Amino acid sequence: MNPPYFFVKLRKRNEPMYRLLKFFAKLNIFAIPLYIILIFNIQFYSAQLFTANVVNTLLQATGFLAQQAGTMITIPIKNGEWAAFITNDCIAWKGMLAFVALVFATDFPMKRKLKALVFV
């Protein structure tokens, strides 16, 4: 009994479907840290505080009367105050982890992958 045509075709390593499935398998393996962080709801408070400090400094440098309390930044306006929180989603950790997973899932040599991470 012969296997279905689809599986026979995947035995050839240069086939586009084989390369695509290999890429998605590697991408999901390299995305495991992202899944773990999302499942356990891990917070990066120090990164949030650092981002809030940078935003507050930039706002003050541009002439706003910004004040910071933890990860909350307030700016006085005409009839009160405007406030913003720097949350866990504001620090771009998901995008950075996704980018690293995408880079490592490609078929390029490791030297080229590391250059992509350093120079981007």
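Q: What makes H3 and H5 roughly antiparallel to each other?
A: In this predicted model, the axes of helix H3 (residues 32-40) and helix H5 (residues 93-105) cross at roughly 155 degrees and come within 9 Å. Axes are lines fitted to C-alpha atoms, for helices over the stretch in contact, with angles from 0 to 180 degrees between N-to-C directions. Angles over 145 degrees count as roughly antiparallel, under 35 as roughly parallel, 65 to 115 as roughly perpendicular and the rest as oblique; H3 and H5 are therefore roughly antiparallel.

Q: Which residues of H3 and H5 meet?
A: Leu34, Ile37 and Leu38 in H3 meet Trp93, Lys94 and Leu97 in H5, where contact means heavy atoms within 4.5 Å. These residues divide into five nonpolar, no polar and one charged.

Q: How do you know that the length of helix H4 agrees with its number of residues?
A: The expected span is 1.5 Å times one less than the number of residues. For the 17 residues of H4 (residues 45-61) that gives 24 Å, and the end C-alpha atoms are 24 Å apart, which agrees.

Q: Why are the buried residues of H4 said to line one face of the helix?
A: Gln48, Ala52, Asn56 and Leu59 are buried, that is, under 20% relative accessible area with a 1.4 Å probe, protein chains only. Seen down the axis of H4, they fall within an arc of 70 degrees, so they line one face. The arc is that of the directions from the helix axis to the C-beta atoms. Strand E1 (67-69) and strand E2 (72-77) are included in what covers them.

Notes:
Residues are numbered from 1 along each chain as its sequence is written. This is a predicted model: local features need pLDDT of at least 70, side-chain atom pairs count only at pLDDT 80 or more; totals for chains, interfaces and linings use all residues. Side-chain values use heavy atoms; hydrogens and water are left out. Helices (H or I, at least four residues) and strands (E, at least two) are DSSP runs, numbered from the N terminus. Buried means under 20% relative accessible area, exposed over 50%, partly exposed in between (1.4 Å probe, protein chains only). Ala, Val, Leu, Ile, Met, Phe, Trp, Tyr, Cys and Pro count as nonpolar, Asp, Glu, Lys and Arg as charged, and the others, Gly among them, as polar.
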